[in-house]
Amino acid sequence: MNESLFASFIAPTMMGLPIVTLIIMFPSLLFPTPKRLINNRTISIQQWLIQLTSKQMMTIHNQKGQTWSLMLMSLIMFIGSTNILGLLPHSFTPTTQLSMNLGMAIPLWSATVFTGFRHKTKTSLAHFLPQGTPAPLIPMLVIIETISLFIQPVALAVRLTANITAGHLLIHLIGGATLALLNISTMTAFITFTILILLTILEFAVALIQAYVFTLLVSLYLHDNT
């Protein structure tokens, strides 16, 4: 039971070789580079959504922070497309792997922190000790603020992993229950199938929302350090 339940989260292999790299590179094919003077409707919609998201996310940044716009847009497009492709039958979702999410969160978080210490050294150090702190509490507050700083990338990765994994598990469980109820009660199976369809629609929304939340938090960390 446990093996079949978590089988979709096992990294796929072909002829004994892992193909995770090919799966990670596949979403880039969904966003082709336009080569025409007049784009078709698909590329026009993609560009409109990218411009809308970029405008909404980058308005809070100064000129130095806006240089990250290409990185942040690439990040949200990659996570969103990967999450949606993972909802296809017999597919693999790389964002259900905590190692991959940490591989995205830690470098981006480190870059924002290093940017803050480089350009706003005093302000960055001031975050470790709020103004007016009593002297006996200074060591404890410095430790707490340091831990809260280092836990930010872990929270980013765990949030994305938990939300995507929970959705896939619910779809798997309700789908299995629907098949089991077909031989027992057709009406009950129809009700669970309706719930499965609604949950799948919800998962499409969660896939895009989690991509936006992940990128937005990175953007906020960048805003605090530029």
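**Reading helix packing and exposure**

Modeller: In this predicted model, helix 5 passes helix 8 in a right-handed crossing. The contact is made on one side by residues of helix 5 including Leu98, Leu102, Ile106 and Trp109, and on the other by residues of helix 8 including Gln152, Leu156, Leu160 and Thr161.

Biologist: At what angle do helix 5 and helix 8 pack, and how far apart are their axes?

Modeller: Two packed helices are described by the angle between their axes and by the distance between those axes. Here helix 5 (residues 98–119) and helix 8 (residues 152–181) pack at about 145 degrees, with their axes 8 Å apart.

Biologist: At what angle do helix 3 and helix 9 pack, and which residues of the two helices meet?

Modeller: Helix 3 and helix 9 (residues 186–224) pack at an angle of about 35 degrees, their axes being 11 Å apart, and their crossing is right-handed. Thr53, Gln56 and Met57 of helix 3 meet Tyr212, Thr215, Leu216 and Ser219 of helix 9.

Biologist: Which residues form a nonpolar patch on the surface, and why does Leu49 count as partly exposed?

Modeller: The patch consists of Ile45, Trp48, Leu49 and Leu52, which together have about 420 Å² of accessible area. Leu49, found in helix 3 (residues 41–58), is partly exposed because its relative accessible area is 42%, between the limits of 20% and 50%.

Biologist: How is Ile144 classed by its relative accessibility?

Modeller: Ile144, which lies in helix 7 (residues 138–150), counts as partly exposed at 43% relative accessibility.

Methods. Residues numbered from 1 in each chain as written. Predicted model: local features only at pLDDT ≥ 70, side-chain atom pairs only at ≥ 80, totals over all residues. Heavy atoms only, no water. Patch = residues over 30% accessible without salt bridge, like charges linked within 9 Å, V, L, I, M, F, W, Y side chains within 5 Å. Areas by Shrake-Rupley, 256 points an atom, 1.4 Å probe, with all protein chains shown as cover. Salt bridge = Lys/Arg side-chain N within 4 Å of Asp/Glu carboxyl O. Helix = DSSP H or I, 4+ residues; strand = E, 2+ residues; numbered from the N terminus. Buried < 20%, exposed > 50% of the residue type's maximum accessible area, 1.4 Å probe, protein only. Axes fitted to C-alpha atoms, helices over the stretch in contact; angles between N-to-C directions. Left-handed = near helix turned anticlockwise from the far one by under 90°. Contact = heavy atoms within 4.5 Å.
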